[in-house]
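Hello,

Here is the structure we talked about handing over. Please have a look at it first, and then read on for what turned up in it.

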Amino acid sequence: MISYRQPIALDIPVLVGYEKELFPYSPWNSAQFKEEFAGIPRSRFMSVAESDNRIVGYCGVFLPAPGVEADILTVAVLTEFRRQGIAREFMRQIEQWSEERGASAMMLEVEHTNAAAIELYQALGYMRISVRMNYYGPGSDALVMRKEFT
């Protein structure tokens, strides 16, 4: 059973550990998580997924003001919990929060080799708009994807 909640400061050490595992090329540190948490709920939304009181994923989005595009900061799910609908639920939460606050569109970057994530984003209506070379480190490009709200 997966449950979702807003993260709290006590989650930061766990999230930092997961960052090092999931995003070794540029993991967020404690200060970055604290900065993101400080924006909740004014300009940021974050959520964590739990299974048996263990965090198994997290997501975040930034919307600086109504009428502009929201930037998906992260969608992360531990390997052994993938393909269970967690990322899809995170995307639903992120989009709902952003739409309710007047976002005009959603933007994200995804590693060009992450076929499962790209497939999910395309299924949700995201279109590839550009490539950021070496975004995730040398030889690891990011696809920039966007979804317009109607």
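Let me begin with a pair of helices. The axes of helix α1 (residues 12–22) and α2 approach to within 9 Å and cross at roughly 120°. (Axes here are lines fitted to C-alpha atoms, for helices over the stretch in contact, and angles run from 0 to 180 degrees between N-to-C directions.) That angle makes α1 oblique to α2; angles under 35 degrees count as roughly parallel, over 145 as roughly antiparallel, 65 to 115 as roughly perpendicular and the rest as oblique. The crossing of α1 with α2 is right-handed, a term used if the near helix is turned clockwise from the far one by less than a right angle, with left-handed for anticlockwise. On the α1 side the contact is made by Ile12, Leu15, Val16 and Glu19, and on the α2 side by Ser30, Phe33, Lys34 and Phe37. Contact means heavy atoms within 4.5 Å. Sorted by class, the residues joining α1 to α2 are five nonpolar, one polar and two charged. (Ala, Val, Leu, Ile, Met, Phe, Trp, Tyr, Cys and Pro count as nonpolar, Asp, Glu, Lys and Arg as charged, and the others, Gly among them, as polar.)

A word on how to read all this. This is a predicted model, in which local features need pLDDT of at least 70 and side-chain atom pairs count only at pLDDT 80 or more, while totals for chains, interfaces and linings use all residues. Residues are numbered from 1 along each chain as its sequence is written, and side-chain values use heavy atoms, with hydrogens and water left out.

(Buried means under 20% relative accessible area, exposed over 50%, and partly exposed in between, with a 1.4 Å probe and protein chains only.) Not counting residues up to four places away in sequence, Phe37 touches Pro7, Ile8, Ala9, Ile12, Leu15 and Met46. Pro24 is 13 residues from Phe37 along the chain, and their C-alpha atoms are separated by 21 Å.

Gln6 also touches Met46, along with Ile40, once its neighbours within four places in sequence are left aside. Gln6 belongs to the loop between β1 (2–5) and α1, and at 47% relative accessibility it counts as partly exposed.

Next, the backbone. The peptide bond from Ile40 to Pro41 is cis, with omega near -5°, and Pro41 lies in the loop between α2 (30–38) and β2 (44–51). Where do positive phi values turn up in residues other than glycine? Arg83 has phi near 65°; you will find Arg83 in the loop between β4 (69–77) and α3 (86–100), exposed, with a relative accessible area of 69%. Asn134 has phi near 55° and lies in the loop between β6 (127–132) and β7 (142–148), where it counts as partly exposed at 43% relative accessibility.

There is another helix pair to visit. α3 and helix α4 (residues 115–123) pack at an angle of about 40°, with their axes 11 Å apart, and are therefore oblique to each other. Their crossing is right-handed. Ala87, Arg88 and Met91 in α3 meet Leu120, Tyr121 and Ala123 in α4. The residues of this contact divide into five nonpolar, no polar and one charged.

Finally, the whole protein. How many helices and strands does the protein have? There are four helices and seven strands, and along the sequence they follow the pattern β-α-α-β-β-β-α-β-α-β-β. (Helices, H or I with at least four residues, and strands, E with at least two, are DSSP runs numbered from the N terminus.) The radius of gyration is 15 Å, which agrees with the value near 15 Å for a compact globule of 150 residues; it is taken over C-alpha atoms, and the globule rule is 2.2 Å times the number of residues to the power 0.38. Of the 150 residues, 47% count as buried. Among contacts between residues at least 6 apart in sequence, 59% join residues at least 24 apart.
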